[in-house]
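Opening the notebook on this one.

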Amino acid sequence: RRSGNSETQKTVFMSYENTEEKFSSADLPWNTNFTLQYAVGDQRGPESISMKLFSDLDLAPPEEISVTPEVVDEALTTVISWNNQDVFEDMTGPPVKMKLWNELESGEMKVIDEKSFPNGQNQTRISLEDGYPWQTKFSLNVDFGIKQGGESPYFDLFNQIQLMPPTNITITANQSTSYLEWTHSLELGQFHGLGTILNIWMVDPSSGNLTLLKQTLLPDTLHTSTVFSAVSGLPQEAGITLQSYVGT
């Protein structure tokens, strides 16, 4: 006998020799309960204690989630791994669902994509070139179809990588030009989308405050030098700073 609520009930008769029965959550509500009792003709024995048919399954998210960035063929790639739950007798479990999130200015998290992985898979790779923003986060949960398991914490997809400023900055100058050169020294190596922000500043002599005169984005990892001309109109006292950035 099963009941999703007090108004829905069904009785199933089984032979005495049958001591096992299979039910699918695709056919029955998740909150279905069942009881057992003997039946002989129209006579009924006492019912057993009511038990949950499905909802004693472990709905906790996958465990030991790890995020490992690497550069493959100059493409920044994140390797995501997790431990699957073996909740069934045959040592398998439900599929795993990944949700990819974008955090809005209001702080609200918005789902931008979903991926599903069979229980036998415990790893996936996502590239920056797949088009997801740098600030994308992800979460994992088990997927029982009609019932979703608990959500894992949010993990940064790419943003856990620390973008160190360019290094080996050199300036070679003569009376007419200044030649500026630098390198990107990220531990992962260079990848498509990594660029340089060139800031030109002016120092206020009275207050010492900096005023940004010009900002230039150099999106190519191969673009690691530039030339300033004496006729460019920049003050002789102007200074520069360099930053790494990622454009997608």
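This is a predicted model: local features need pLDDT of at least 70, side-chain atom pairs count only at pLDDT 80 or more; totals for chains, interfaces and linings use all residues.

I started with side-chain partners: the His184 side chain has a polar contact with the side chain of Ser244, at 3.3 Å.

Next I checked for a second partner. The side chains of His184 and Thr196 are also joined by a polar contact, this one at 2.8 Å.

Where does His184 sit in the fold? I find it in the loop between strand S14 (177-183) and strand S15 (194-203).

Buried or exposed, I wondered about His184? Its relative accessibility is 9%, so I put it down as buried, the cut-off for that being under 20%.

Then I listed the neighbours, leaving out residues up to four places away in sequence: His184 touches Pro166, Gln190, Leu194, Gly195, Thr196, Thr224 and Ser244. Both polar partners, Thr196 and Ser244, turn up in that list.

**On to the pocket**

I moved to the second largest pocket and noted about 350 Å³ of space in it. I get 19 lining residues, with Ser178, Phe228, Leu234, Pro235 and Gln236 lying nearest the centre.

Which strands supply at least two residues each of that lining? I wrote down strand S13 (167-173), S14 and strand S17 (225-229). S14 gives the most, with 3 residues; this is the strand on one side of the His184 loop.

Last, I sorted the lining of the second largest pocket by residue type: 10 nonpolar, 9 polar and no charged.

How values were computed
Residues are numbered from 1 along each chain as its sequence is written. Side-chain values use heavy atoms; hydrogens and water are left out. Helices (H or I, at least four residues) and strands (E, at least two) are DSSP runs, numbered from the N terminus. Buried means under 20% relative accessible area, exposed over 50%, partly exposed in between (1.4 Å probe, protein chains only). A polar contact is a pair of N or O atoms within 3.5 Å; within protein, one must be able to donate a hydrogen and the other to accept it, and residues adjacent in sequence count only if both atoms are side-chain atoms. Contact means heavy atoms within 4.5 Å. On a 1 Å grid over the protein atoms alone, a cavity is a set of points where a 1.4 Å probe fits but cannot get out, and a pocket is an open set with protein on both sides within 12 Å along at least five of seven lines; lining residues have an atom within 4 Å of a point. Grid points are joined across faces, edges and corners, and a volume is the space filled by probe spheres set on the points. Ala, Val, Leu, Ile, Met, Phe, Trp, Tyr, Cys and Pro count as nonpolar, Asp, Glu, Lys and Arg as charged, and the others, Gly among them, as polar.
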